[in-house]
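Trainee: I would be grateful for a close look at a single part of this structure. Could you please take me through the salt bridges and what surrounds them?

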Amino acid sequence: VYRRAGALAAAHGDTATRGKLLLGLESVHVMRGELELAEALARQALESAEVGADALMTLQARWALANARFHGGDSHAALPLLEACLAAYRPEMHHPAAVQDPGVMCMCYSAWALWEQGRADAAQHRAGEVVALARSLQHRFSLGEAYGFAASIALFRGEVAEGLAWADQAVDLCEEAGFTVWLAHARVVRGRLRVLAGDHAGGGAEMEAGYRLWTATGAAITRPFYLSLIAATHLEAGRAAEAAPRVDEARALVERTGERYHLAELLRLAGLVVLAEGDAPKGQVLLRQAMSLAAAQGKQA
């Protein structure tokens, strides 16, 4: 649809919509996990926005570029872009009919980036800010996303009861509104939180259901993260044989897409699987690789 719109715009000499079309295509490719192409489109959109002195489009393009870099494993490059977007964002830039709000998107991903850099309290504060912003905008899609990210940060921090409260709100809102992508995210995260709360069977089933829902959309992005949560649950239960194919699937996706932001954790899980299988030397190699990559990416969490 975006390509057809681009052809129509070109045929009629409509250059004003170029940035929107580029960002639309970027969103498609980033969800497919085609990060190099997504970043190239984001750069083109940014150039187009800056030439046209379009402040909102510039902000959206910078967010798109930051998103591609974050998923590529470079949170240190992504975070300054996200912070610059937030500095430029004003609530009056929000359009109620828009699918997503750029300020909310930037806050969500900056919270995650802050966590990865070991700034746990700052991540929690940012998660609270994004919920407050989404509520003030009275924008349901933004609320569903904000609740889901708040649940994620709580999960990372080990705050299970708080995370479940956020995840419940995310699931309820997204189910009612039909926001499939954020519903899938919330269900995987809630499932993991349920496991940590002691509901191993119910939580595991919900994680699997959320993951199936996510993949059914055609999205490849973020799948390695979800698979890592599922694999970790199997390992904790002593089921290394069930964890192994999930880790292999996730690592194959990383190889195909270049989505490296969760690769260190996948290497750690792969090492634990191999150790459980009795191959201590190989397991230690994988664990050292995980630690080396985490250090190279500046991950402290």
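Mentor: What follows is a description of one group of charged residues, with a second pair set beside the group.

The model is predicted. The structure holds 18 salt bridges. Among the residues concerned, Asp168, Arg187, Arg190, Arg194, Asp199 and Glu206 are linked in a network of salt bridges. As a general principle, side chains of opposite charge can pair when their charged atoms come close.

Let us begin with glutamate 206. The side chain of glutamate 206 meets that of arginine 187 in a salt bridge, with a distance of 3.2 Å from N to O. This pair links distant parts of the chain, for arginine 187 belongs to helix H10 (residues 180–196) and glutamate 206 to helix H11, 19 residues apart. Glutamate 206 also meets arginine 190 in a salt bridge, here at 2.8 Å from N to O. Again the pair links distant parts of the chain: arginine 190 lies in helix H10, glutamate 206 in helix H11, and they are 16 residues apart.

Next, consider how accessible these residues are. Glutamate 206 has a relative accessible area of 3%, so it is buried, because buried means under 20%. Arginine 190, at 16% relative accessibility, therefore counts as buried. Arginine 187, by contrast, has a relative accessible area of 24% and is partly exposed.

Arginine 268 forms a salt bridge with glutamate 265, and their closest N and O atoms are 2.8 Å apart. Arginine 268 and glutamate 265 are 3 residues apart in helix H14 (residues 263–276), so about one helical turn separates them. In general, an α-helix has 3.6 residues a turn, so residues three or four places apart point the same way. Arginine 268 counts as partly exposed, at 34% relative accessibility, and glutamate 265 is partly exposed as well, with a relative accessible area of 22%.

Threonine 222 counts as buried, at 7% relative accessibility. Leaving aside residues up to four places away in sequence, threonine 222 touches His71, Trp214, Glu259 and Tyr261.

To summarise, glutamate 206 pairs with arginine 187 and with arginine 190, whereas arginine 268 pairs with glutamate 265 within helix H14.

How values were computed: Residues are numbered from 1 along each chain as its sequence is written. This is a predicted model: local features need pLDDT of at least 70, side-chain atom pairs count only at pLDDT 80 or more; totals for chains, interfaces and linings use all residues. Side-chain values use heavy atoms; hydrogens and water are left out. Buried means under 20% relative accessible area, exposed over 50%, partly exposed in between (1.4 Å probe, protein chains only). Contact means heavy atoms within 4.5 Å. A salt bridge is a side-chain nitrogen of Lys or Arg within 4 Å of a carboxyl oxygen of Asp or Glu. Helices (H or I, at least four residues) and strands (E, at least two) are DSSP runs, numbered from the N terminus.
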